[in-house]
Amino acid sequence: MSVLRAIPQPGTVPQPGTFGTSSTLMGGGYGTQPQGPPGPRAFKLTFRAEDLEAKDGTRIKMFGATSDPFVIVKNSSGRICGKSSVIMRNLNPSWPPFELDVLQCGGMDSPVTFEVMDWDSDGVNESIGIVRVTLREMTTNLNTPRQVINYAKRGRAFYTHSGRLILTGAEPINVALADSKAFTFVFEAQGLSIKDISGSSDPFFEIHKAGTIGTGAKVLLYRSKHVMRNLNPRWDPLEFDPRQCGGVDGQLIISVIDWDSSGAHDMIGSTTVALRELLIPGSRFPLIDSSISRPGYRNSGILCITEAKPSTTVPVDISLAVEFIVQAGGAKLASRDVFSKSDPFLVVYKGNTSSKLYASEEYMNNPNPTFREFRLNMGQVGTIDTPLTWQFWDWDGNGRHDLIGECIVSLRELSFWRNEPQWRIRDPTRAHLPGYHNSGFLVISKFEPVYPGGLSSPPSFGSYPPTYTGYPPPGPGGYPPGPPGPGGYPPPPGPGGYPPGPPGPPGTGGYPPPPGPGGYLSNSGTFRPPGNGAPPPGYPPYNTPAFPGYPPPPGAYPPYPPYPGQPGQPPPNQPGQPPPPPQGVYPPPGYPPYGGYPPPGAYPPPPQPQGYPPYGGYPPPPPQGPYTGYPPPPQQQHPPLSSSTTGGPTW
């Protein structure tokens, strides 16, 4: 079969950014390539391989040597675009379909490397060989064997290739898995190291962002529950938001740890992967304990991805919270008094001990206190990843308080309190003593974020403060109570909520002009014309002398209703009714006083723009009372602490 290859013209240099048409077996070379249609968002690819090179054991096939192959796809920058699962001990594998991100590849005509790897349990995977070809050529020539070339061996005597890679299916898909807003993962581990004298381990895992903040501390993104006495655990599903690590190509550190009741948890092993690599069910990652350097060490277990799929719900982003409601306590606090138990209180600092955020009440003779709820304001804390120092002190009447112990925990770490509700505290002056583990535990029994407007869940709008067209949204306590009398606040006339202010400059307040001839909308959703003998339900009665409810409608009253026989003219005065006031006096001349509108002075003028929120025409929040729509100001429970000459805080 003849093969056509693009030949550069004299004086031109082939550009490395494109590939020419490749041969059937060699997989192509550099050259020029016409650009075709852009292609789909992604492909679901199905590969198989034949006669792969053996990498394990003696590496001699006749003696049973084999490989544990998988396929990894990289773009021209070396970034992973897709990856298959691992097929154990097979030189002629058929892999389950996996997704390839066309956008990540750079398009259908960008250079792509398909590399066949041999998985190793020590994490040092070996390359079997590669196929270089454009994505367009690969997906339009199915069932074509392509030689897998190990370029380190190319040129050796008798070397031809390291196997053949065949694409058997390429299903275009319009929505890539990588575009999902969140993912559901199920992790399990196999063959974990024994860490307890009972001959087992109590494993849990943590996910950290592979980066640093502040002084270099890792950013915790998730912590699981621990599984008691299990070397092959399967943990509960977790919902993961890719924005936490910068997208699907963000690097993650996954650590498996042995839980200990003393708080001195032991590292089992960890692995560093891109989030995109976790999207392939069946992926296997060796867990390596970097502190072990003995000869023959391979790993401390294998982390497996048993489920990876788009999530139907997006995890709540607690970084949008403006404050947190916390209830903390202590457990098994060490005694600092000679003849009794400690009298503990809790102090929370931002970072080190330079900026105090909170000081609790003291509990006399109690090693297991539960303190009252308190609030941590994000304006003072900084971010949810800011390290916070939690110190327990033993109160003394002479002001010479003694440090019991401390720990450093961020708000993000506290958000996983349902999986692990306690953190050990340690006394720095005793940490060097043999056999010392802790001086007790910090215990969290409540942790609730509070979002703008006092909401318990993030607002749906994109920024704060939002732009409202009517009343602000109610807080947990609802709207403030309406004025006494029938009706209260009118219901919203439709899905848009309360009516906006009238057209004109912002902050004018008041109610809008009537939506049509006949008057204002009633509580029942029907229009009641003025002059029908009764006010609309829910509005103040006519004869109330001073009703503090609604502001007057801006401008003039609605046009006169038509009167039989005199179109466009007001009806004559009714017998027994007082004459209308002179021209220019409220209400308008000739307007019957029995139409349901209140007498002059019944409504107060609209309030001026002020208070919270800053939208004109609405009253500021009440300074106190049962209305809880806005957060109350922080309460100072104790006089501020200061450092005494003995090193402890004093009131």
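Predicted model: local features only at pLDDT ≥ 70, side-chain atom pairs only at ≥ 80, totals over all residues.
Residues are numbered from 1 along each chain as its sequence is written, and side-chain values use heavy atoms, leaving out hydrogens and water.

**Exercise 1.** Work out how many disulfides the structure has.

Step one: go by the cut-off, a pair of cysteine sulfur atoms within 2.5 Å. Step two: search the whole structure, and you get zero. Step three: look at Cys81, whose nearest cysteine sulfur belongs to Cys105, 3.7 Å away.

**Exercise 2.** Find out where Phe187 and Phe205 lie and how their rings are arranged.

Start with the pairing rule: ring centres of Phe, Tyr and Trp (its six-membered ring) within 6.5 Å, with planes under 30 degrees apart called stacked, over 60 edge-to-face and the rest tilted. Here the centres are 5.0 Å apart and the planes are at 45°, so the pair is tilted. Next, place the residues: Phe187 is in strand E9 (residues 183–190) and Phe205 in strand E10 (residues 203–213); strands are DSSP runs of at least two residues, numbered from the N terminus. Finally, zoom out: ring pairs join both into a cluster with Phe183, Phe185, Tyr222, Trp235 and Phe416.

**Exercise 3.** Decide which ring the charged end of Arg132 sits over.

The test is CZ of Arg, or NZ of Lys, within 6 Å of the ring centre and within 35 degrees of the ring normal. For Arg132, the ring is that of Tyr151, with 5.0 Å to its centre.

Methods
Helix = DSSP H or I, 4+ residues; strand = E, 2+ residues; numbered from the N terminus.
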